[in-house]
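Below is a short briefing on a single protein chain.

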Amino acid sequence: MKISISIILAFFALSGFAQSMPDNKILYVFPDDVEVAIDQYIGSLSNKEDLQFVLTLYKNEDGTYEIYVNSCSTDNENATPYYWQQITNRYAVINRELYPLLFDYDYDFGAPTPSEIGTYGQRAGQVLRIISCNDGFHLTFSKLGICTQ
C-alpha cells in the first residue's frame with residue numbers, strides 16, 4: 001500500500017515538470033479605438049497575407065503616443081519586421097493576432113546583432129543600430145485612447 005501511494009505521489013510530482021514553460025511574451029493591449037483602427041487598416045490591405053507587420057510605439061513630449069504600422073513582404077527575410085519578429089518578446093494584441101512591438105528607444109539603443117556590440121568603454125561607433133522608415137499608417141492617441149489624428 002505504501003509503495004502504491006509513493007508511486008502515485010511521485011507521478012503527480014513529476015507530471016508538474018512535464019508542463020510546458022510559459023512563452024515569455026509580453027503582451028500590450030491598446031485602447032479599443034486604437035486597436036480597432038489598426039485592425040481595420042491591416043484588414044483593408046488586399047495583400048495582407050503577403051506582408052509581415054511590426055508596430056513601433058513612440059511617446060511624444062506632450063504625453064501622447066504615436067504608433068506606426070510598418071510592413072514588408074514575407075519574402076524579404078532581411079527586412080526589419082522579419083528580424084524583430086524572430087527575436088522580440090513584446091507583442092501588441094490586435095483583434096486575435098499578435099504583432100511584434102518596438103519602442104522608440106529600440107532604435108536609439110537596441111543592438112540587433114549580439115556579435116556587434118563593440119568593446120566596453122569604446123562602443124561609440126561600433127554598435128550596429130537599426131533604422132526604420134516609419135512612412136506607413138500611424139495614429140496619435142492619448143493614454144485614454146482618444147485618437148488625436
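The largest pocket has a volume of about 150 Å³. A pocket here is an open set of points on a 1 Å grid over the protein atoms alone, where a 1.4 Å probe fits, with protein on both sides within 12 Å along at least five of seven lines; lining residues have an atom within 4 Å of a point. Grid points are joined across faces, edges and corners, and the volume is the space filled by probe spheres set on the points. The model is predicted: local features need pLDDT of at least 70, side-chain atom pairs count only at pLDDT 80 or more, and totals for chains, interfaces and linings use all residues. Residues are numbered from 1 along each chain as its sequence is written, and side-chain values use heavy atoms, with hydrogens and water left out.

**Pocket lining**

- The lining of the largest pocket comprises 14 residues, and those nearest its centre are Ile-42, Lys-48, Phe-53, Glu-97 and Tyr-99.
- Helix 2, strand 2 and strand 5 are the elements that give two or more residues to this lining; helices (H or I, at least four residues) and strands (E, at least two) are DSSP runs, numbered from the N terminus.
- Strand 5 contributes the most to the lining, with four residues.

**Helix 2**

- Helix 2 has 13 residues and reaches 18 Å from its first C-alpha to its last, close to the 18 Å expected at 1.5 Å a residue; the expected span is 1.5 Å times one less than the number of residues.
- Val-34, Glu-35, Ala-37, Ile-38 and Ile-42 of helix 2 are buried, where buried means under 20% relative accessible area, exposed over 50% and partly exposed in between (1.4 Å probe, protein chains only).
- Down the axis of helix 2, its buried residues fall within an arc of 165 degrees, so they line one face of the helix; the arc is that of the directions from the helix axis to the C-beta atoms.
- Asp-32, Gln-40 and Ser-44 are exposed residues on the face of helix 2 turned away from its buried side.

**Aromatic contacts**

- The structure holds seven aromatic pairs; rings of Phe, Tyr and Trp (its six-membered ring) pair if their centres lie within 6.5 Å, and planes under 30 degrees apart count as stacked, over 60 as edge-to-face and the rest as tilted.
- One of these is the edge-to-face pair of Phe-30 and Phe-141, at 6.1 Å centre to centre with 80 degrees between the planes.
- Phe-53 counts as buried at 6% relative accessibility, and Tyr-99 is buried at 12% relative accessible area.
- Tyr-28, Phe-103 and Tyr-105 are linked into a cluster by ring pairs.
- The charged end of Lys-25 sits over the ring of Tyr-91, 5.2 Å from its centre (NZ of Lys or CZ of Arg within 6 Å of the ring centre and within 35 degrees of the ring normal).

**Overall layout**

- The protein has four helices and six strands, in the sequence pattern α-β-α-β-β-α-β-β-α-β.
- Of its 149 residues, 32% count as buried.
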